[in-house]
Protein chains: 2
Amino acid sequence: MTSRDVIAGVDLGGTKIYSLIATVDGDVLGSDRCMTEAAGGPAVVVQRIAESVRRALDAAGSSIDAISGVGISSPGPCDPSRGLVTDAPNLPGFHNIPLTKLVSEALDVPAVLENDANAAAYGEYRFGAGKGFDDLLFITLGTGIGGGIIIDGRVYAGASGAAGEVGHLILKEDGPPCNCGSRGCLEALSSGPAMAREASEALASGRAPGLARIVGEDVPTMEQVYEAARQGDAACREVIQRGGRYLGLALVGLLDVFNPRALILGGGLTNLRDLYIDPAIEIARRGAFPQVIADVTIRTAELGDAAGALGAAALLPERLPR
Amino acid sequence: MTSRDVIAGVDLGGTKIYSLIATVDGDVLGSDRCMTEAAGGPAVVVQRIAESVRRALDAAGSSIDAISGVGISSPGPCDPSRGLVTDAPNLPGFHNIPLTKLVSEALDVPAVLENDANAAAYGEYRFGAGKGFDDLLFITLGTGIGGGIIIDGRVYAGASGAAGEVGHLILKEDGPPCNCGSRGCLEALSSGPAMAREASEALASGRAPGLARIVGEDVPTMEQVYEAARQGDAACREVIQRGGRYLGLALVGLLDVFNPRALILGGGLTNLRDLYIDPAIEIARRGAFPQVIADVTIRTAELGDAAGALGAAALLPERLPR
């Protein structure tokens with residue numbers, strides 16, 4: 001294969017590394033998953049990334065000569081133009097680490113990076129649910145709530161690379177405190193941990209007997225809260241529906257502000273289709289401007305956890321110095 | 001003067017038309033203000049626009065030969081690519097009216113159009129408070145709350161030309177009803193009419209004696225509410241400060257989502273500096289991500305009501321078919 005035949009992407013997480021080799025059309029030819037071993041610090045993590053890429057190349061029946069470089073999806077704030085991970089709370093020692101330079105040296109090919117939400121947005125735009133929609137808003141719903149913005153077919157990263165951070169729209173002035181320091185942010189109302197915490201409170205006060213049957217004395221996970229809700233626990237249903245309602249209110253504002261051609265919802269919470277995603281979309285459809293709703297396609301993401309690595313890989317050609 | 005020396009812009013409003021002739025650097029050489037006579041319908045309005053442009057040219061000591069075309073800032077939804085005013089509630093008969101074609105025929109020069117908030121955003125970007133900031137969010141605060149987005153130095157209009165409609169971010173689920181059909185939108189909490197309505201309620205229940213001294217039995221205007229607040233009326237101060245607080249909460253979310261290089265606040269309510277604008281900016285600075293705040297310049301608009309006409313005029317070169 002020539003150097004233009006395949007692309008290589010890495011999704012670097014605080015716990016796991018996911019590397020893949022794909023065709024230029026986004027078909028995954030081979031992949032590798034391994035532990036990040038973040039505690040070892042940047043030098044260890046860089047070595048793990050390089051080994052993972054080599055294993056993915058092996059799995060794809062390819063070799064390092066077949067790729068023109070590696071695209072890295074990086075957690076937390078980063079500076080793509082300088083290839084720096086500026087700060088990654090889940091990666092000890094990663095403060096202003098020149099990750100692209102280090103990975104490039106380890107593999108002897110160029111590397112570029114982009115933050116995980118932006119990379120996933122670009123992945124869905126190029127290969128997934130957002131294909132063909134040049135102005136696109138991608139929202140990831142899970143432990144946190146974040147997002148990425150594609151404008152005119154390109155990642156819009158903003159002045160600090162932070163654009164798309166939709167999780168901190170304030171929806172309830174006196175709402176629950178958020179990690180960001182504000183109260184009543186979308187993330188503090190509609191993320192998995194936010195809903196699990198509310199269900200815990202219902203559990204503690206004896207209002208969630210269905211959940212109690214599932215978890216006993218344990219702290220419930222979001223999966224267990226959803227399971228209890230599906231089995232009919234009224235308090236758990238209410239918790240999830242409230243989370244979906246706030247998500248819907250946030251979507252109204254975001255759709256009116258961005259007027260995107262597509263809104264793509266990704267992340268683990270998209271599994272909560274009936275009680276969370278569908279009602280949120282319904283609120284958005286009723287609340288946003290009719291013309292905005294008429295012109296937007298709303299879909300759930302298609303690439304799952306491959307979105308970040310695929311998006312980062314696809315960014316390589318335009319980001320590499322010529 | 002050659003055709004590249006001066007630019008011509010028109011701000012079409014429901015009540016007034018404002019035309020200006022300016023240098024390519026945005027210095028206004030001559031202008032004209034006249035009544036729209038909207039009740040006369042599109043044909044009359046087009047004639048008024050043409051006459052106004054001719055008077056502005058006279059005032060500038062210039063002539064129609066000196067301009068390469070006219071840029072029009074249009075109220076309400078429009079379709080710049082087809083030159084259509086799709087719907088303008090304040091302009092009777094303006095439904096899918098090919099305004100650029102009609103004005104172009106009346107003046108025998110090309111015309112382009114853009115919606116007023118986008119045109120004003122572009123004006124401030126090219127000639128005003130946003131000069132040099134390629135990623136910019138412009139918010140206009142007055143009777144309504146709207147805005148425009150500049151990304152990479154260009155108007156980002158979105159799929160329907162509605163992008164930048166920040167007035168319908170929902171901040172209070174059970175808040176006052178908004179014209180858009182939702183409740184607790186920014187516009188329903190922090191616009192001039194929203195605050196004047198709240199002050200009216202305080203007046204009616206006898207809680208605003210300072211305002212009562214100013215307006216007697218009349219319905220108060222926002223200017224009178226502000227005057228009463230400055231003279232010490234506690235209820236009026238509280239109304240304006242609450243409006244400013246919700247504006248601040250909206251700015252937190254907007255800054256985190258857009259991560260712009262500049263945030264420009266325009267419109268009549270920017271006169272309420274001490275009780276409204278400054279507290280809102282302070283809330284935004286405390287609540288948004290530190291890096292986002294570090295990288296943004298927040299300013300009030302500089303061009304006043306010339307922003308729309310100047311912005312529309314400046315859009316002409318890139319919008320005209322070559």
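1. What is the order of the strands in the open sheet of five strands in chain B? The order is E11-E10-E9-E12-E13, and the pairing is mixed. Strand E11 (154–155) and strand E13 (297–300) of chain B are at the edges with a single partner strand each, so each has one side without a neighbour in the sheet. Note that this is a predicted model.

2. Ile151(B) has Arg154(B), in E11(B), as its bridge partner.

3. Helix H3 (residues 116–127) lies across strand E9 (136–141), E10, E11 and strand E12 (262–266) of chain B, and runs at about 50 degrees to E10(B). H8(B) packs on the sheet as well, where it touches E9, E10, E12 and E13 of chain B. The direction of H8(B) makes about 160 degrees with that of E9(B).

4. Chain A has an open sheet of five strands in the order E3-E2-E1-E4-E8, again with mixed pairing. Its edge strands are strand E3 (28–35) and strand E8 (111–115) of chain A, each of which pairs on one side only. From one strand to the next, the twist averages 20 degrees.

5. On the E3 side of the chain A sheet, strand E2 (residues 16–23) pairs with E3(A) in the antiparallel sense over seven bridges. Within this pairing, Ser19(A) stands opposite Asp32(A), which lies in E3(A). Helix H1 (residues 42–59) of chain A packs on the sheet and touches strand E1 (6–12), E2, E3 and strand E4 (67–74) of chain A. The direction of H1 makes about 150 degrees with that of E3(A).

6. Helix H2 (residues 99–107) of chain A lies across E1, E4 and E8 of chain A, at about 145 degrees to E8(A). Within H2 of chain A, Lys101(A) and Glu105(A) are four residues apart, about one turn of the helix. Their side chains meet in a salt bridge at 3.3 Å, N to O. Over all chains, the search finds 28 salt bridges in the whole structure.

7. How many residues of chain B are in contact with chain A? There are 41, and they contact 41 residues of chain A. The size of an interface is often given as the accessible area lost when the parts come together. For chain B and chain A the buried area is about 3200 Å², with 58% of it from carbon and sulfur atoms.

8. Four salt bridges are found across the interface of chain B and chain A, and 18 residue pairs are in polar contact, both residues at pLDDT 80 or more. On the side of chain B that touches chain A, the elements giving two or more residues are strand E10 (145–151), helix H8 (234–258) and helix H10 (290–294) of chain B. H8(B) gives the most, with nine residues. By class, that side of chain B has 21 nonpolar, ten polar and ten charged residues.

Conventions:
Residues are numbered from 1 along each chain as its sequence is written. Chains are lettered from A and ligands numbered from 1 in the order in which they are written. This is a predicted model: local features need pLDDT of at least 70, side-chain atom pairs count only at pLDDT 80 or more; totals for chains, interfaces and linings use all residues. Side-chain values use heavy atoms; hydrogens and water are left out. Contact means heavy atoms within 4.5 Å. Buried area is the accessible area (1.4 Å probe) that two parts lose on being put together, summed over both. A polar contact is a pair of N or O atoms within 3.5 Å; within protein, one must be able to donate a hydrogen and the other to accept it, and residues adjacent in sequence count only if both atoms are side-chain atoms. Ala, Val, Leu, Ile, Met, Phe, Trp, Tyr, Cys and Pro count as nonpolar, Asp, Glu, Lys and Arg as charged, and the others, Gly among them, as polar. Two strands pair if DSSP finds at least two bridges between them. Axes are lines fitted to C-alpha atoms, for helices over the stretch in contact, and angles run from 0 to 180 degrees between N-to-C directions.
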